[in-house]
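User: I would like to work through a structure by question and answer. Please show it, and then begin with the term that is needed to discuss how chains meet.

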Protein chains: 4
Amino acid sequence: MAYKDEQLNEEKVFKDPVHRYVHVKDRIVWDLIAAPEFQRLRRIKQLGTTYLTFHGAEHSRFNHSLGVYEIVRRMIGKFTNYPHWNREERILSLCAALLHDLGHGPFSHSFEKVFKLDHEQFTRKIILEDTNIHRILKRVSPEFPKQVADVIAKTYADKLVVSLISSQIDADRMDYLQRDAYYTGVSYGHFDMERILRVMRPIEDQVVIKSTGMHAVEDYIMSRYQMYWQVYFHPVTRSAEVILSKILHRVKFLYETGYTFKLKPTHFQSFFNQEITLRDYLRLDEAVVYYYFQSWLEEDDFILYDLCERFINRRLFKYIEFNPNTQMKEWMELYRLFQDVGIHPDYYLVVDSSSDLPYDFYRPGEEEERLPIHLQMPNHELKELSRHSDIVESISGKKRTDHKLYFPKDLLEAVKDHKLKKQIKEILYGQGEGQLVD
Amino acid sequence: MAYKDEQLNEEKVFKDPVHRYVHVKDRIVWDLIAAPEFQRLRRIKQLGTTYLTFHGAEHSRFNHSLGVYEIVRRMIGKFTNYPHWNREERILSLCAALLHDLGHGPFSHSFEKVFKLDHEQFTRKIILEDTNIHRILKRVSPEFPKQVADVIAKTYADKLVVSLISSQIDADRMDYLQRDAYYTGVSYGHFDMERILRVMRPIEDQVVIKSTGMHAVEDYIMSRYQMYWQVYFHPVTRSAEVILSKILHRVKFLYETGYTFKLKPTHFQSFFNQEITLRDYLRLDEAVVYYYFQSWLEEDDFILYDLCERFINRRLFKYIEFNPNTQMKEWMELYRLFQDVGIHPDYYLVVDSSSDLPYDFYRPGEEEERLPIHLQMPNHELKELSRHSDIVESISGKKRTDHKLYFPKDLLEAVKDHKLKKQIKEILYGQGEGQLVD
Amino acid sequence: MAYKDEQLNEEKVFKDPVHRYVHVKDRIVWDLIAAPEFQRLRRIKQLGTTYLTFHGAEHSRFNHSLGVYEIVRRMIGKFTNYPHWNREERILSLCAALLHDLGHGPFSHSFEKVFKLDHEQFTRKIILEDTNIHRILKRVSPEFPKQVADVIAKTYADKLVVSLISSQIDADRMDYLQRDAYYTGVSYGHFDMERILRVMRPIEDQVVIKSTGMHAVEDYIMSRYQMYWQVYFHPVTRSAEVILSKILHRVKFLYETGYTFKLKPTHFQSFFNQEITLRDYLRLDEAVVYYYFQSWLEEDDFILYDLCERFINRRLFKYIEFNPNTQMKEWMELYRLFQDVGIHPDYYLVVDSSSDLPYDFYRPGEEEERLPIHLQMPNHELKELSRHSDIVESISGKKRTDHKLYFPKDLLEAVKDHKLKKQIKEILYGQGEGQLVD
Amino acid sequence: MAYKDEQLNEEKVFKDPVHRYVHVKDRIVWDLIAAPEFQRLRRIKQLGTTYLTFHGAEHSRFNHSLGVYEIVRRMIGKFTNYPHWNREERILSLCAALLHDLGHGPFSHSFEKVFKLDHEQFTRKIILEDTNIHRILKRVSPEFPKQVADVIAKTYADKLVVSLISSQIDADRMDYLQRDAYYTGVSYGHFDMERILRVMRPIEDQVVIKSTGMHAVEDYIMSRYQMYWQVYFHPVTRSAEVILSKILHRVKFLYETGYTFKLKPTHFQSFFNQEITLRDYLRLDEAVVYYYFQSWLEEDDFILYDLCERFINRRLFKYIEFNPNTQMKEWMELYRLFQDVGIHPDYYLVVDSSSDLPYDFYRPGEEEERLPIHLQMPNHELKELSRHSDIVESISGKKRTDHKLYFPKDLLEAVKDHKLKKQIKEILYGQGEGQLVD
């Protein structure tokens, strides 16, 4: 690479509650952080609607992105003396780490599902098209933006570089587990990252773990498992996600059926039409979404109004355990009964299965993109982790799915027809309300 | 009080990173938290623009309000056996603690200054006028809302109750110091709250501290001192505040001078006219503010556009030490020079003194509203803290002010007239740029 | 119970790094802590030789005993309103918690094995025979000492009381896991005890866990698993234990064969003769043991001198993986070769299997004394934990044993006969020294 | 220096609860840690009798010594690129840091006072005379041991090296404040060491602090102040120290007056005769001291027996505030009354002033050996800290002394002559016992 790393006169630091300090010495990194497309990540929460369950989880993707960068920086610091590590990949690794989530929009999961988007494509576009980020990256070399995008897309030739941010034990996950645990305040999510960094060894195309560090990795895997079930798949968070998705569906439906909005959804138009320009995409941050939701409290359409009101004021749906595979009959009946009492079941009777959410704890072989974790034995042989660890083995095979049925208890209670109401409640709660989780 | 405390079937908890858990047993408290006016606090950051300096500081006033409630709950738990503590004030204390910041709007400091508002008046209105909060409070008794408002306004007869949330060492401060330290990640802000709670003694009209706990209180006072200078008055945060104020000034000016906005500032109108209804006020959260700022990037007025762009993309003003009292001449000269080079000094040359910001570390006698801290000696005599503690004495007498001059370095650099530019820079930086703090 | 709880004038606290404060309000508890037999626990390390591996692990059994007391105190505080909890058992539970480890001597594991002792018998004796502890307990009632001893011996009628300090998730373990993690500095050992205390429910004869708290219990079980393999069974600690045991064996052998000591092992005499009085037992603390070991550096017997020198100066044995069940032939050969080169194999060639050490992570059915953990489902049915948790199930079935062969590498290196030396090394290390763990 | 740093094949780490890991790469350092004279520090508590007040404070000088080494290692890591830092001093700095407390004996303060010793002389002897430590150091170069001793003695020519472990803000203090806070569990003692390390700048003959880091240093100074008054000078700890000193005085007196001991104080003999050899000194660890104290419980001399019993079983003296300068008359009277009732006042009536204990918080000019802290202003000028910081200024001028009078309340209570007893109590407590601190 012809580019000579341009260093800042003096190292800069960001005070970070998780890693204490984030250190920046490269001017490129400094300038990327200052770019509007990166600053925009401050206006997008790392955990979307989770703050409605864990009030501390109000941190942004900006936080997390700095954290991933910092972990990669520390990894590389330990790698410099290993033969397989190519020192010329340093600045590439740092930039890819910093920018890996750049294309996230507000409440990505719901938006992606409803509007058939893919935030990774937008990450790519922001890096490759005519943006501040692109112009900064190009200062390294003309092909540098493409290299950064390729690392993030996992198509870059040097798989070792890719694995820093995309493997079963990469900087991305190590940051978010710790960070999300810190901000939610849950006691899971802690593991000995310093030890993991110490036992990481870069070999040809991946980072492996010295087998003496296996227990630290077990602990990390357990943290992940606990964070998924305790935080990421929390049923209250999913209730908010359900409502959010239904708002988007409703507004799309209204738009398509010619409803006259008091506040026209200008910012959403290109989303409805599936012709989203990068400029439109970058303008849509959480503030804009909240602005619309609040404004739609003035709309005449009851469903849109009601759903927005629920989201804004946190009047979420209640839920019961409900398996759509085995309870199809009840489902059909409830659907019909909801129609009969005038509660639109397409919006108000929703099965959510946690496997719809990003589920990625350790399952070797299932996710082709994420490399499994290999232990390096004293004789330098490699062993896949679950072959060596009882604990990891125990959780790696089993896919666990959690199904819940969400519905607005308050609307049901307000139903006038006592007979229908009773029928609905009997299906939902059986004899008592014992089944109702709260 | 005729009201019999209505308890929840089962205690509810919120996971809180600072206090581990926030415990709720009273239905009133539970319902207040669920009220839209309280949920709205989730959309207002506790520390306004501080997140632009400390990226972790993205927590909301919702967080802090729960925390103050929890501390008061713990205090009261320790008070029950003391003769001066009136057990009937329990629910009143809890509600006042929870609601004490209810009237805060987005970026309160700037909004209050520019639009001559007082968030305490809005707290009062939300409690006393026709709101969900009001209706919930009235379930206790018809006069209960007024009592809650009076406690918050410090006019309630039982000064002991008032002091729980308004004294030099109240639940409000104990929460925010710890919370702000936690989210920013700074190491100040920690003190031994558990010990302070143990040595608090309710006497007639205040909470005093057993003298054996003096060192814990010293530590708390020092935390406050450090948090003010390290976090709350951080010059970068103030740079953002300066820009924010200037945006509001500009938009007000444009409105008053008949400028035609592409996006009409509907939500601000009643602010310009000084006829703010409660409904208008409650609608204005941070999302709305950000929505406008982003939209104004499309406006033709350069100043409005530029300031909004700076705020959104964090292109802040630079600053130098500058004392307006002793450097009036330089100020006048700079003002004139800025005019000459076409940079409007009313918006781009701003002196900010930290005493403009809420400055309230321990100064007995200066702030009539905040009661000083009294130590209770072994012989039950009371002594004002600074009479007994060298450390507190040392910082209690001295008012410290920090003056900075803010300006847009980039605009200056772009000035074409080299002579004028050089003159400006000489005043700002002297011979080099050494004075420029960065 | 006729005894009326005598309370201290004012609650006393101990500053504790793990639980922040240990609170004492009962005079009985206060007096027990001040008793010489309890103060003696300050002179016995909680983790014996572990400090030679983790230098922070220098904390005493005094620390831990206070911690167990404090956890039981908090448990009881939550139990008072449950029907199955008998409030009259409060003081009994607190005393049993405080005193449960009272009979521990220095380096209990080695001493118990070599001298065929049982520290639980000594706990019982200290409580029941004529001691300060006994006299204090008797102030409650004549039968109170026996009740305390019975709770500790798990024979007390009210099994709920027993289970507080002797179950799979009792105060004993919850304290030591957290405490040992704190002092060693390892990142395992943390779990959300506050949450576990919140979901504990006293039923007839045990404490069960509300099923919503299952994940917190999983986390606790994992902590235990990790602490066992990372800390308690650490091979370096076991090396020190091996040497310690061999010192005791050697000194016993010398005593029995009429060796003339320069420093007569007066304090050990009754141990050799298996006629240990309580007074002798109580005098033997770690200071006494270290005093002897240091003095024996002056003895003429090489083995005694050498082993003591190793222990005092931490010149431990090295070790390799070695399975005595499958490698009997190598063992026999090594034994003979060690004899040939003049290194006494009874002292210098030692297989240690970790199942010799207290191994008690979750295996329902195997340990009759420790009750398994039951979850209480929403319908109040009980389910044994491993039936409900994949993770616990995965580690509960499997007994894991770790075998190591310990030997003094330095003595081997000093062997003059190169042929024999080579033979030994080939068996130990194969071709290289790769097998040697260190 | 001709010596080429010999590195270990692989970096070794010690798990440390304060610094997480202590890293060792130099074989010299590794070997020094393994030397018997260094391992001996495991048998000497860092805080002497403090564990009788704060039960967690059972950590040894071994812990602290590793910690100081680690901090110096980190400092040097940051210094390598500064012109004033001589890279050749690296190994010297590390060794001096590791060994700076090597000459400490058990309960140094009391032993030094009673036997007129100086642990620093013993540090020097261990380094310079024929010891394992000396032999290891000599491998670097013949003059290396002397250099290490000189750095510790503060006489080494390169004052910058000296200042790393002997200045107002050196590695020694930074470690012990944090470490002692960690083990005692007090919340003081925390400061942002990482930030301090970042703002340290090595200049000619000292380490100065970039002025932007002033607040972190203030916080450190405050920690020191709080730790002194809350932990190091705690009156209960001083009570134990008083008893310990009196034991030593008594045994010396008995020895000198020909008393026949049941257990002859062999280990102390050379201390009594002021002819202490290095070998005698190194043999005297805390285990030996405790062994004697326990054995002396069998002695016929009541005073020796009684004082030992108090120390072993923590039956400490009570105390009142008492100023010997202003209360000489009371003192004389008490002395006479104690004699009259047969309680030997030389052993049982003791004034202790905290300035007898190592009192060294920030007082520029008073302690010639400890360099003051200098801030480096943006213009590179140096300013002494207290000139710039109000807080430091406030505590730096004032010498604070705390006087207490210690006595055995239980012996007084047992006095038969009611009139004399009453007289004593009136002087001690005035009318009530209110003055008695407990």
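Analyst: Two residues are in contact if their C-beta atoms, placed from the backbone, lie within 7 Å. The model discussed here is predicted.

User: What percentage of the interface residues of chain A are also interface residues in chain B?

Analyst: The copies meet through the same surface.

User: Which kind of axis relates chain A to chain B?

Analyst: Chain A is superposed on chain B by a rotation of 180 degrees, with 0.0 Å of shift along the axis and an RMSD of 0.0 Å. That is the relation of a two-fold axis.

User: In chain A, which residue has the C-alpha nearest the axis?

Analyst: The C-alpha in question lies 2.1 Å from the axis. The residue is Ala287(A).

User: What is the radius of gyration of chain A, and why does it agree with a compact globule?

Analyst: Chain A has 438 residues, and a compact globule with that number would have a radius of gyration near 22 Å. The value for chain A agrees with this, and it is 24 Å.

User: Which strands stand at the edges of the open sheet in chain B?

Analyst: Four strands of chain B form this open sheet with mixed pairing, in the order β3-β4-β7-β8. Two of them have a single partner strand each, so one side of each is left without a neighbour in the sheet. These edge strands are β3 (200-203) and β8 (382-384) of chain B.

User: In β8(B), which residue is the bridge partner of His374(B)?

Analyst: Strand β7 (residues 374-376) of chain B pairs with β8(B) in the antiparallel sense over three bridges. In β8(B), the bridge partner of His374(B) is Glu384(B).

Definitions and conventions: Residues numbered from 1 in each chain as written. Chains lettered and ligands numbered in written order. Predicted model: local features only at pLDDT ≥ 70, side-chain atom pairs only at ≥ 80, totals over all residues. Least-squares fit on C-alpha atoms with pLDDT ≥ 70 in both. Rg over C-alpha atoms; globule rule 2.2 N^0.38 Å. Pairing = 2+ DSSP bridges. Helix = DSSP H or I, 4+ residues; strand = E, 2+ residues; numbered from the N terminus.
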